[in-house]
Amino acid sequence: MNSQSAGEAPPDAIVNAMTVDVEDYFHVSVFDGLISRDKWETLESRVCRNTDRLLSIFDDAGVKATFFVLGWVAERFGDLVLRIANQGHEIASHGYAHRLIYDQTPAAFRDDVRRAKLILEDVSQQRVNGFRAPSYSVTPRTLWAIDILIEEG
C-alpha cells in the first residue's frame with residue numbers, strides 16, 4: 001500500500017507549473033514568411049544567454065521548470081540542454097523546427113517529433129515525455145497529432 005495522501009503526487013512525479021519555450025526569436029511562427037529557415041544559421045542566437053539568465057533566476061528562487069526545447073536548438077547548443085537537465089529541470093520537446101502542426105502532413109509531423117525526441121534524449125540523457133506544439137497548433141483539425149504523439153512516446 002502506498003503511504004501517499006489522496007491528491008498528493010508520487011515522489012518522482014514532475015509537477016512543474018513553470019514552463020519555458022527554448023527557442024530563438026527568429027523561430028517563432030510570426031516570422032515564417034519573413035525569415036527563411038535556411039537563414040537561421042546566419043542569425044545571431046540569443047537562446048543560450050537568455051536561457052542561462054532564467055536558469056540563474058530559477059536557481060536563486062529554488063524553482064524547477066519544464067523546458068520545451070526545439071530539436072534545432074538542442075542540435076546546435078547541446079551544452080545548454082545539458083545545463084538545463086543537470087540543474088534538475090525537465091526537458092520536453094517543442095518539435096524539431098517549430099513547424100505548425102496544421103501545416104504538416106501526419107508523416108512529416110511524425111518525423112519532426114521523432115527527430116526532436118531522439119536529439120533531446122541523446123543530449124540530456126533523460127527520457128523526454130512532454131510535447132508542446134509550436135504556437136499551440138493542436139486544433140480540432142489536427143487532433144490526429146495526439147495519436148502520433150502517443151505512438152512516439
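This report describes the fold of one protein in a predicted model.

## Basis of the model

Residues are numbered from 1 along each chain as its sequence is written, and side-chain values use heavy atoms, with hydrogens and water left out. As the model is predicted, local features need pLDDT of at least 70 and side-chain atom pairs count only at pLDDT 80 or more, while totals for chains, interfaces and linings use all residues.

## Overall composition

The protein contains five helices and three strands. Helices (H or I, at least four residues) and strands (E, at least two) are DSSP runs, numbered from the N terminus. Along the sequence they follow the pattern β-α-β-α-α-β-α-α.

Of the 153 residues, 39% are buried, that is, under 20% relative accessible area with a 1.4 Å probe, protein chains only.

## The sheet

The three strands form an open, parallel sheet in the order S1-S2-S3. Two strands pair if DSSP finds at least two bridges between them. Strand S1 (19-22) and strand S3 (90-93) stand at the edges with a single partner strand each, so one side of each has no neighbour in the sheet. Neighbouring strands are turned by 25° against each other on average, direction ignored; axes are lines fitted to C-alpha atoms, for helices over the stretch in contact, and angles run from 0 to 180 degrees between N-to-C directions.

Strand S2 (residues 66-69) pairs with S3 over four bridges. Val69 has Ser93 in S3 as its bridge partner.

## Helices on the sheet

Helix H4 (residues 106-124) packs on the sheet and touches S2 and S3, where contact means heavy atoms within 4.5 Å. The direction of H4 makes about 160° with that of S3. Helix H1 (residues 47-61) lies across S1 and S2, at about 165° to S1.

Key
Buried < 20%, exposed > 50% of the residue type's maximum accessible area, 1.4 Å probe, protein only.
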